Amino acid sequence: MSETILELNDLHTHFFTDDGEVPAVDGVSFKVNKGEIVGVVGESGCGKSVTSLSVMQLVPSPPGRIVGGEINFKGENIAQASEKRMRQIRGNEIAMIFQEPMTSLDPLYTIGNQLIEGIRMHEKVSKKEARNRAVEMLNLVGIPRATEVVDEYPHQLSGGMRQRVMIAMAMACDPEMLIADEPTTALDVTIQAQILDLMRDLNKQKDTGILLITHDLGVVAEMCDRVVVMYAGQVVEQGTVREILKDPKHPYTKGLIRSLPNLHQKEQKLYSIPGTVPKLSMEQVGCRFAPRCEFAFDRCFQEDPVLYEADDGRLSRCFLYDDNEEQEVAAHVESDIRS
Ligand SMILES: Nc1ncnc2c1ncn2[C@@H]1O[C@H](COP(=O)(O)OP(=O)(O)O)[C@@H](O)[C@H]1O
Ligand code: SF4
Ligand SMILES: [Mg+2]
């Protein structure tokens with residue numbers, strides 16, 4: 001058995017807004033093992049970022065707050081850890097890279113100063129040695145003219161270069177866990193591939209566990225060992241990349257896969273799931289996907305589905321996998337989707 005680094009257990013993070021209480025993360029459980037890359041996928045607004053921000057205790061508060069559940073990091077529940085403890089963890093034991101690196105790079109300090117600060121927090125080295133290490137790391141993440149860039153400010157670099165700097169900073173800290181929230185969404189395809197390669201290197205060389213948050217199943221297919229599919233604040237299913245891509249259980253996952261251009265070239269027009277992610281509220285009843293689901297039936301609008309076990313033991317938050325429903329319905333649905 002591999003060692004579990006991060007385990008979310010029935011995590012609930014809510015926002016208390018003028019419009020009422022919003023259950024943005026509503027009972028999320030999954031884990032990341034050492035050396036594993038786990039993808040969290042789902043459309044925009046499904047609660048992916050709030051989940052990752054919860055782990056770092058960076059949910060804007062107010063209005064947000066972790067209201068229940070556990071976040072076990074190497075066996076320590078950090079869901080309610082002190083700010084002092086979180087400061088040790090952030091960027092040190094768990095590194096995080098965001099879609100827009102400007103939010104995590106300090107505009108007032110040179111790249112070198114920010115890197116050197118990180119390096120010296122972890123290693124007893126002189127300023128000069130730390131600077132050399134910084135240049136070395138910038139080289140390592142493929143930054144040209146590293147000896148000059150080290151003295152430049154974040155705004156002087158392109159988005160792709162800034163993201164490389166973020167990865168260099170993450171590497172400098174030698175974290176056990178890296179959380180990357182849409183790290184390549186703002187970048188063009190070539191740069192995206194290079195950044196993903198760097199993350200993969202980090203994972204391979206240091207056995208870093210990576211939680212990769214993305215709305216892009218293509219990125220997941222390329223990078224991840226396992227996938228967690230989120231919809232409207234909940235996990236609807238999870239599995240290995242192969243299981244999820246070849247044999248999705250939940251109608252939402254099926255829809256996401258059908259919307260992937262390269263996997264379903266035979267479809268002439270690119271499919272997209274009708275409708276949008278619902279606004280979350282505490283009052284909602286029924287399956288959250290029901291208004292968009294082509295298989296919805298009466299029960300879906302009246303009761304909340306839990307995770308039901310499919311034939312092969314995988315779990316899906318869908319009544320089609322409840323043994324009390326006609327198994328044939330599920331079988332029918334499967335063949336329907338594949339044809
Ligand atoms: N600052 C906030 N104030 C109120 N609600 C928020 C805030 N941030 C996020 N939310 C709620 O959480 C939901 C999930 O957001 P988020 O995790 O950012 O989605 P994703 O990353 O999957 O696109 C949003 O749809 C919104 O309802
Ligand atoms: S529970 Fe019903 S509405 Fe929800 S995904 Fe399953 S079939 Fe669709
Ligand atoms: Mg997000």
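**View 1. Asn9 and its partner across two strands.** Asn9 has Glu70 in S4 as its bridge partner. Strands here are DSSP runs of E with at least two residues, helices are runs of H or I with at least four residues, and both are numbered from the N terminus. Strand S1 (residues 4-17) and strand S4 (residues 64-73) run antiparallel and are joined by 8 bridges. This is a predicted model, in which local features need pLDDT of at least 70, side-chain atom pairs count only at pLDDT 80 or more, and totals for chains, interfaces and linings use all residues. Residues are numbered from 1 along each chain as its sequence is written, while chains are lettered from A and ligands numbered from 1 in the order in which they are written.

View 2. Stepping back, we find 4 strands in the order S2-S1-S4-S5, with antiparallel pairing; two strands pair if DSSP finds at least two bridges between them. Strand S2 (20-33) and strand S5 (76-77) are the edge strands, each pairing on one side only. Helix H1 (residues 48-56) packs on the sheet and touches S1, S2 and S4; contact requires C-beta atoms, placed from the backbone, within 7 Å.

**View 3. Ile143 in its loop.** Look for Ile143 in the loop between helix H4 (127-140) and helix H5 (146-149). Ile143 counts as buried because it has 20 C-beta neighbours inside 10 Å; the buried class takes 20 or more other C-beta atoms within 10 Å, exposed means 12 or fewer, and partly exposed lies in between, with C-beta atoms placed from the backbone. Leaving out residues up to four places away in sequence, Ile143 touches Leu138, Val149, Met161 and Arg164.

Terms used
Contact = placed C-beta atoms within 7 Å. Axes fitted to C-alpha atoms, helices over the stretch in contact; angles between N-to-C directions.
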